[in-house]
Each structure stands twice: as structure tokens, then as C-alpha cells.
Amino acid sequence: MTTSPRPVAPATGKLGVLTVGLGAVATTFIAGVELARRGMARPTGSLTQMGTIRLGKRTEGRAPLIKDFIPLASLEDLVFGAWDPVPDNAYESCLHCGVLDKHEHVEPIRDFLKSVTPMQAVFDQHYVKRLEGKNVKAGRTKRELAEALRKDIRDFKAKHGCDRLVMVWCASTEIFIQPGPAHQTLASFEKAMETNDITIAPSMLYAYAAIMEGVPFANGAPNLCCDVPAIEQLASDRGVAIGGKDFKTGQTMLKTVLAPMFKARMLGVAGWYSTNILGNRDGEVLDDPESFKTKEESKLGVLEYILQPQLYPELYGDIYHKVRINYYPPRGDNKEGWDNIDIFGWCGYPMQIKVDFLCRDSILAAPLVLDLALFFDLAQRARLSGIQEWLSFYFKSPQVAPGLYPEHDLFIQHTKLKNTLRWLMGESVITHLGVEYYEYGDS
Ligand SMILES: NC(=O)c1ccc[n+]([C@@H]2O[C@H](COP(=O)([O-])OP(=O)(O)OC[C@H]3O[C@@H](n4cnc5c(N)ncnc54)[C@H](O)[C@@H]3O)[C@@H](O)[C@H]2O)c1
């Protein structure tokens, strides 16, 4: 059934993409966009750039590119800004992170990358123990720091002549914080900023500043940030799109593909042991137990929701699930993620699956940053305010409305995303029922 399209403001003018953090993920994203603009690399992995969308019945043969179907900002219209406590510009950071080939992909765009210099960050080592920051704002209170971020946002917009902005957290994982009294209402949150409450992390100040400036905000790390009641309420009151959290890139992406398969076939799971080695700065930060705990929570939740042990106690009621991340410098950004999965089938006979994913962390994350920037901008222009659950596809711990459980299955998330695009444009959503292709006769 078709509906009338939702009014979506056109994507005219420049879109400023502000990344919090100018490390491996952010610079790989920025460089990749510039390389794609110059025809020097393809934006592989980006649904907005390479994906198509089927419209109508299978017999109609309509499958335009997503970017031709919906009004998205074009790569040509993106301009980049960032904050980082490390003062390196994007060129220096690219070389330091070592993700992209220096000669093939960094030197040819050297001047462009040098032009992206980080603004002073709101940073506090209490929240990221393994980092030291020099390029950091000073402020008496957290409120003052948030106001300084708001000024940065306004100044960037004016300086670069941007029509709209979007912010994506690509900064380090902060320590584990549980939602507390300071996060419940806007009044308690603002008071807590004034009294420098320890439960108000820098990431929350960026989210607050973005929303106050009407800038959509996506959180790519697992730390508590825009997923607290005060920020969620602020976002819907001010009509700003928010969402997170934690880019779903490597091992968890595989998990959210494999686990639904076991459940679909009613195969049992006795144990799932996941371990990673990685040697980039992210790995170093996650080597701190407090930052690791934040990541662990995000990675562990997935199986519980997908396998629903409460509904299938014989199959999934007794799983041993373990996730480890080990910092191992020789590998740099090239992560190795191993999974050992103990499953059981007919009459309880055991089987094993081993997965060894030799991936590149930032190569997998960069297209997600691009898609999130473009889709959050779309959401904002379509006036979809508050939590953007339809973008769960991109996150390990999708943020959902209170009272809902998150949907983790990658292909359900993918269907949800595409159906949201169809709905936005007034096309029929696709249910895959398909009875119209057959003659079943009347019963
Ligand atoms: N690459 C992936 O596949 C992937 C997947 C999921 C989540 N993530 C998350 O994305 C984030 C970025 O990963 P990365 O590999 O680029 O890490 P990175 O260490 O290379 O970059 C993070 C940058 O953030 C900066 N930073 C820290 N605190 C900041 C603050 N308060 N304000 C501004 N900047 C700050 C750091 O100085 C650093 O330059 C991490 O939190 C990581 O856990 C990455």
C-alpha cells in the first residue's frame, strides 16, 4: 500500500560533517570521501553510495540507486570539521594511524587533509585513561565547556558557509557510566553540568551542544552519551535526530548474521567465545579495564536479544558467552577477530564453527560514518526528531524508544532501513508476503 510521501526539505547547499575525534576512523572516512570525489577510490561498503532499493512488485523491475531515490547530500557538498585533544591535522593523523597507503591514498590529497585541523576538545583523562590531551578547552564548569562547543559549531557553520551540519562521535570509548539521577531530566542534567558532576562525560556535552544548535548527533562508540532520558527528551523537544551506539563493523556484525541463522533453524548454542587482537589507539584505549567494560557490555547484549533464551530455554538457556579484546601493537588497525561457536543439532549432537575475520577496523567503519552523516541529515530534513531506530543497521547497541527491545538481526535492520526510505518517499513498504504472484483459489 502506498502512502503520501513525507515532506523532505531538499539537500541544497553544503553539509558540514563534524566528527568528535580525528583518529583512525574519522580520518579514513574524510580521506575516503575526498578520494571518491576525485575518482581515486570507490566508496565500497557505503549503502548510500552503492546500494539500490527495490520499489513495487518484483515484476516491475524498479531498483534505483538509493542516492537517486531519496534526496541525500552529495559527496561534493560535504565539508569536514573535527575536535581532538591531539593537535595533529588530518594528514598527520592519517600517517600516524597508518590505515591508508601513504603513497597511493594520503600524499595525493595531502593539502586537503592538512586543511582539516582539530578544534580544541572537551576532554578529561578521567573518562579515557590511556590518552593525554594537549589541544583541550579550559572551562570552570562543564556548562561553560558545552557553551564553548556550541560556539565552535556556530563559528564552523558561518566560516564554511554550511547550510546544515551533522555530528558523529568518532572519539575514544569512555569509561563505563551507568545512568543516574543527573541524566534523568534536562533540569538535573543542566544542574549537573554546573556542579561538574562526575557522571556527566565529555561525550554528553558534545551531544547536548549539538542538540541545542539543532545539529543531529550519532554516537559511534559504546559509551553512555545521547542514550539518557534527559538528552532523549531534549532531542525530541527541539526536533533533532539522535542515535547510536557503537558502529557495528566486525565481529558483532558477523554475530548478528550468524545468530539469527541458528535461531531460524532451531539449532542450539552451547557457547560462543569471541576474542580480538588489535594494535591501534582504539585498542590501546580499550586495554584500560574501565573502557573495555563499556565495550564489553555493548558486545555482549547482542546474543541475548537475538536468541531469546526466555522463549527457547532448551536451545539458548545455558550459553557460555565470552568476549575478549587484546591490545597487540604489531597488528595496528588490522584487527583479527576469532569466534569459536559450539552449537548442537538433532538429538543434541554437538558441532563447532570457527570464524577468523582478518579485518581492517577503520576500513569497515568509514563507510558507516558516511552513511550515518547522510541519513541523519536526511532524518533532520524529514523532521524525524529524537531516536532514529531505523538506523539500527549501523549500531551494535541500537538506541530505541523506552519500553522497546532493540532489533539486532542485521537483515531485519536492513529491511527496516529500506522500508523507512520507501515510507518517506510514499512507496509501498515490502513485506515479502508475495501471495499476489500465485493463484491460491478461494477457501
Ligand atoms: N573501527 C571500528 O570498527 C569501530 C567499531 C565500533 C566502534 N568504534 C569506536 O569508534 C571510536 C573511534 O575509533 P578509532 O579507531 O578512530 O580510534 P582512535 O583512537 O584512532 O581515534 C579516536 C580519537 O578520539 C580522540 N578523542 C578522545 N577523546 C576525545 C574527546 N573527548 N573529544 C574529542 N576527541 C577525543 C582521540 O584523541 C583520538 O584521536 C572508538 O570509540 C571506537 O571504539 C570503532
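A residue counts as buried if 20 or more other C-beta atoms, placed from the backbone, lie within 10 Å of its own. Helices (H or I, at least four residues) and strands (E, at least two) are DSSP runs, numbered from the N terminus. This is a predicted model: local features need pLDDT of at least 70, side-chain atom pairs count only at pLDDT 80 or more, and totals for chains, interfaces and linings use all residues. Residues are numbered from 1 along each chain as its sequence is written.

Start with helix α8, residues 186-194. Its buried residues are F189, A192 and M193. They lie on the same side of α8, because they cover an arc of only 105° around the axis, taken from the directions from the axis to the C-beta atoms. An α-helix has 3.6 residues a turn, so residues three or four places apart point the same way. Just after α8, N196 takes a positive phi of about 55°.

Next comes the sheet. It is open, with four strands in the order β7-β6-β8-β9 and mixed pairing. Strands pair if DSSP finds at least two bridges between them. β7 and β9 stand at the edges, each with a single partner strand, so one side of each has no neighbour in the sheet.

| Strand | Residues |
|---|---|
| β7 | 320-327 |
| β8 | 336-344 |
| β9 | 350-358 |

β8 and β9 pair in the antiparallel sense over nine bridges. In β9, F357 is the bridge partner of G337.

Terms used: Buried ≥ 20, exposed ≤ 12 C-beta atoms within 10 Å, placed from the backbone.
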